[in-house]
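Trainee: I would like to go through this entry by question and answer. Please end each reply on the value or name I ask for.

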Amino acid sequence: MRPRSRDRRLENAQEAAGNGLLDRRVFMKGGLGALATGAFMAFASTEAGAAGPPEIPAGMKIAGAPLSPYGSPATYEREVTRTLIRSQPGTTGAGASRTPLEALEGIITPSGLHFERHHNGVPAIDPAQHQLLIHGMVARPLVFTVASLLRYPMVSRIHFLECSGNSGAMYQPTPPALTCGQTHGLVSCSEWTGVPLRLLLAEAGVDPRADWILAEGADAAAMSRSVPMRKAMDDAMLALYQNGERLRPENGYPVRLFLPGYEGNMSVKWLRRIKVTDTPTMTKDETSRYTDLQGDGKSLMFTYPMEVKSLITRPAPGLRLTGPGLYELSGIAWSGHGKIRKVEVSADGGQSWAEAALSPPVLAHALTRFRIAWKWNGAPTVLKSRATDDAGHVQPTRDRLIAEHGANVIFHYNAIQAWGIESSGEVKNVYA
Ligand SMILES: Nc1nc2c(c(=O)[nH]1)N[C@H]1C(S)=C(S)[C@@H](COP(=O)(O)O)O[C@H]1N2
Ligand SMILES: [Mo]
């Protein structure tokens, strides 16, 4: 459908940057109101014919479907699933599945679409049998059951979780021809509710010389990571609930460690043991894995916070534009260092940039939704987004990221993403 150009105000709306990016206020309350009274908005409607309202649909003539104990998505949305579900050869559960970012809006990932990353599958854990041990450099080693954890005071916070291997395919010499979610969907965002770890550590009585903890999962990989005591005593949480319901098995049921802003690997699922230590334990998961091999052959270790990052998710590969005219570009930005301060968008391959509107809430260590109005003239072009966090970190270009870290790294890719728009409306991953 081709929106007709019947909108005088938008014709004159101030371009905030080249190639049709409009001032971010244009869709905001005042701006949209002014436009609505002053002119037609030309998005994608078609004019209704003279015949009057459409015929009475079949669903108005018979009783609807019954109630159900647990809801599921509309059958017409059944293609919105986790994507690129891959396991190591010969295994069933040592792999990952990804969130279909281009199909979602807002900042919360539905629990059933939260990405998964397991090193040896999802263990079957009966919450009545599960135990969590806190031991090591403590005055009183303690054992908690799930029932006892549920009696402690809880906090609820909205946080992203990102695997440090997310977007790793972008280090390849040619851009992966995948959907946005297939390339970047090892990030999701939930409301997590649980017990602040510091409460339990205080109860166990931490030796003041202990600077670290070890967290171990009850899976067949015994996934284990060392965590600085400062983080454990700050905002670390033992999460029991995700988006209001108990954790899903694949996300760590019945209890997981959650470390806001840190690389996903450290948020140990199916948590069974915390050992208080004076040094890092140097587990396999922090020596042979989750270190970042640099261009000079040395490796970075303990690279905890996820760097500032953003993606335009509408449009993005997996979606297409339906003809020239007015669009709202929509995307997500996040940083392990804090809040998103601003997101700039370019519709001319990075020659000029306009600031996008940030949709509230803008929360620390959470996905932040950004939006900006764009009038596409139908010509091929390149869209980009560039986020800045409140610690002052700015997303680098891909060239700069690789110049600084080399191309052997698998982890911590956070460069500016470019989407090529073709005149057909198709959206492609490009290095530009
Ligand atoms: N016990 C255990 N914890 C684990 C893992 C695991 O395999 N076993 N995977 C880690 C990795 S690499 C990531 S990115 C996150 C993924 O969490 P999710 O599956 O809930 O998205 O969990 C981390 N915690
Ligand atoms: Mo990960």
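What follows is a set of questions and answers on a predicted model.

Trainee: How many helices and strands does the protein chain have?
Mentor: The model is predicted, so the elements are those of a predicted chain. The protein chain has eight helices and 26 strands.

Trainee: Why is the protein chain called as compact as a globular protein of that length, and what is its radius of gyration?
Mentor: The globule rule gives 22 Å for 432 residues. The protein chain comes close to that value, so it is as compact as a globular protein of that length. Its C-alpha trace spans about 80 × 65 × 45 Å along the principal axes. The radius of gyration is 24 Å.

Trainee: What percentage of the residues in the protein chain is buried?
Mentor: Buried means under 20% relative accessible area. The protein chain exposes about 20100 Å², of which carbon and sulfur atoms supply 55%. Of the 432 residues, the buried share is 51%.

Trainee: Among contacts between residues at least 6 apart in sequence, what percentage joins residues at least 24 apart?
Mentor: A contact needs heavy atoms within 4.5 Å. Taking the contacts in the protein chain between residues at least 6 apart in sequence, the share that joins residues at least 24 apart is 72%.

Trainee: How far apart are the centres of the positive and negative side chains?
Mentor: The protein chain has 46 positive and 40 negative side chains. The centres of these two sets lie apart by 2 Å.

Trainee: How far apart are the C-alpha centres of domain 1 and domain 2?
Mentor: Domain 1 is made of 131–172 + 185–290, and domain 2 is 309–430. Their contact takes 20 residues from domain 1 and 21 residues from domain 2. The distance between the C-alpha centres of domain 1 and domain 2 is 31 Å.

Trainee: Is Ala128 buried or exposed?
Mentor: Ala128 is in the loop between β5 (116–118) and β6 (131–136). From Ala128 to Glu307 there are 179 residues in sequence and 38 Å in space, C-alpha to C-alpha. The relative accessible area of Ala128 is 63%, and the cut-off is over 50%, so Ala128 is exposed.

Trainee: Which residue does a cis peptide bond join to Arg314?
Mentor: Most peptide bonds are trans. Here omega is about 0 degrees, and the bond from Arg314 is cis.

Trainee: To which residue does the cis peptide bond from Pro360 lead?
Mentor: Omega of this bond is near 0 degrees. The residue asked for lies in the loop between β22 (357–359) and β23 (368–376). It is Pro361.

Trainee: What is the phi of Asn243?
Mentor: Most residues other than glycine have a negative phi. Asn243 is in the loop between β12 (237–242) and β13 (245–246), and at 26% relative accessibility Asn243 counts as partly exposed. Asn243 is not a glycine, yet its phi is positive, at about 50 degrees.

Trainee: Is His365 buried or exposed?
Mentor: His365 is in the loop between β22 and β23. Phi of His365 is positive, near 55 degrees, in a residue other than glycine. The relative accessibility of His365 is 13%, and the cut-off is under 20%, so His365 counts as buried.

Trainee: What is the C-alpha separation of Glu77 and Ala103?
Mentor: Glu77 lies in the loop between α2 (29–38) and β3 (83–87). At 43% relative accessibility, Glu77 counts as partly exposed. Glu77 and Ala103 are 26 residues apart along the chain, and their C-alpha atoms are separated by 9.6 Å.

Trainee: Which residues does Gly165 touch, not counting those up to four places away in sequence?
Mentor: Gly165 is in the loop between β8 (155–162) and α4 (180–184). Its relative accessibility is 18%, so Gly165 counts as buried. Leaving out residues up to four places away in sequence, Gly165 touches Leu186, Ile410 and Phe411.

Trainee: What is the relative accessibility of Val276?
Mentor: Val276 is in strand β15 (residues 271–277). Beyond four places away in sequence, the residues that Val276 touches include His135, Leu201, Trp212 and Met229. Val276 counts as buried, because its relative accessibility is 1%.

Key: Residues are numbered from 1 along each chain as its sequence is written. Chains are lettered from A and ligands numbered from 1 in the order in which they are written. This is a predicted model: local features need pLDDT of at least 70, side-chain atom pairs count only at pLDDT 80 or more; totals for chains, interfaces and linings use all residues. Side-chain values use heavy atoms; hydrogens and water are left out. Helices (H or I, at least four residues) and strands (E, at least two) are DSSP runs, numbered from the N terminus. The radius of gyration is taken over C-alpha atoms; the globule rule is 2.2 Å times the number of residues to the power 0.38. Buried means under 20% relative accessible area, exposed over 50%, partly exposed in between (1.4 Å probe, protein chains only). Accessible areas come from the Shrake-Rupley method with a 1.4 Å probe; for residues, only the protein chains shown count as cover. Lys and Arg count as positive and Asp and Glu as negative; His and the chain ends are not counted. The place of a charge is taken as NZ of Lys, CZ of Arg, CG of Asp or CD of Glu. Domain bounds come from an automatic or database domain assignment.
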